[in-house]
Structures are given as structure tokens and as C-alpha cells.
Amino acid sequence: MAQLPYGEDPEPSDRLPAGPLYVPVRPGPSGCAARLFRTPLGERTAVGFTSEHRLTATLGAGQAWIRLAEPALRALTAPLGVTVLTVDPQLTAPAARPMPAPARVFALRTA
């Protein structure tokens, strides 16, 4: 499908949505910090959702969030070297948990 020039398109064909995004955050020493994720290829990415429903469906109802416009989210994460922004990811993996220490194994001696 051919893209129409912006002047003729009632909603421009931007790759990102207009308006504020719902951005997942975590508590930090100075308040909230945007959560960063990884793409399937391992690259760090900022994440934003177009609705609170999409955020909670993906990350759970307990996930804290703030509203940020796309340029503000990019400006916030650029100093950290994050240049990728993922909007409305469909799937997330659970957070990694530390492995429990292996059980101690004792050798049996036979005489």
C-alpha cells in the first residue's frame, strides 16, 4: 500500500503512535525509573504501551507506570545508550530468578 503525503492523510502513517505512552517504571533512589527490556536479539529497548489495558495484559496489574510522550521517553533513555523503542510488545519473559544453591552431595564410603 502506498503511503499518502502527510497533507492528504487524516492520520499520518507514523511508525509510532501519537500521544503519550504508558511506560513501565520501577522504584529507584531518586523516584521512578523507566524499566528497560531486551529485544529477542538482546538489544536494550525502552518500552511503551498505547493503553493501560495493554500494559497490564502484558506485564500484570501490579506494574507501576507513568505517561510519557515518545520524544520524552527517547530523551530519557538516550543517555543510557538505548536507541530502540518498542511499542505494545505482545510477549514478555518472566524476570530471571537466582538459581538455588545445589544440594550438598556426600560420597558414601564402603569398607
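The structure holds 1 aromatic pair. Tyr22 and Trp65 make up this pair, in an edge-to-face arrangement with 4.8 Å from centre to centre and 65 degrees between the planes. Distant parts of the chain are linked in this way: Tyr22 belongs to strand 1, whereas Trp65 belongs to strand 5 (residues 65–69), and the two are 43 residues apart. The coordinates discussed here are those of a predicted model.

Strand 1, which contains Tyr22, spans residues 20–28 and runs antiparallel to strand 2 (residues 31–34). The two strands are joined by 4 bridges. They form a hairpin, with 2 residues between them. Within this pairing, Arg26 stands opposite Ala33 of strand 2.

For the chain as a whole, 2 helices and 6 strands were assigned. Their order along the sequence is β-β-β-β-α-β-α-β. The chain has 111 residues, of which 24% count as buried. Its accessible surface comes to about 8700 Å², and carbon and sulfur atoms account for 59% of that area. Among contacts between residues at least 6 apart in sequence, 69% join residues at least 24 apart.

Helix 2 comprises residues 70–77 and includes Thr77. The relative accessible area of Thr77 is 3%, so this residue is classed as buried under the 20% limit. A polar atom of the Thr77 side chain lies 3.0 Å from the backbone oxygen of Leu73. When residues up to four places away in sequence are not counted, Thr77 touches Leu36, Ala46 and Val82.

Asp88 is located in the segment after strand 6 (84–87). Asp88 is another buried residue, with a relative accessibility of 13%. Its backbone has a positive phi of about 55 degrees, although Asp88 is not a glycine. With neighbours within four places in sequence left aside, Asp88 is in contact with Gly48, Phe49, Thr50 and Arg54. One of these residues, Arg54, is also joined to Asp88 by a polar contact of 2.8 Å between the two side chains. Thr58 is 30 residues from Asp88 in sequence, and the C-alpha atoms of the two residues are 8.7 Å apart in space.

The side-chain partners described for them include Trp65 for the ring of Tyr22 and Arg54 for Asp88, while the side chain of Thr77 has the backbone oxygen of Leu73 at 3.0 Å.

Methods. Residues are numbered from 1 along each chain as its sequence is written. This is a predicted model: local features need pLDDT of at least 70, side-chain atom pairs count only at pLDDT 80 or more; totals for chains, interfaces and linings use all residues. Side-chain values use heavy atoms; hydrogens and water are left out. Buried means under 20% relative accessible area, exposed over 50%, partly exposed in between (1.4 Å probe, protein chains only). Contact means heavy atoms within 4.5 Å. Accessible areas come from the Shrake-Rupley method with a 1.4 Å probe; for residues, only the protein chains shown count as cover. A polar contact is a pair of N or O atoms within 3.5 Å; within protein, one must be able to donate a hydrogen and the other to accept it, and residues adjacent in sequence count only if both atoms are side-chain atoms. Two strands pair if DSSP finds at least two bridges between them. Rings of Phe, Tyr and Trp (its six-membered ring) pair if their centres lie within 6.5 Å; planes under 30 degrees apart count as stacked, over 60 as edge-to-face and the rest as tilted.
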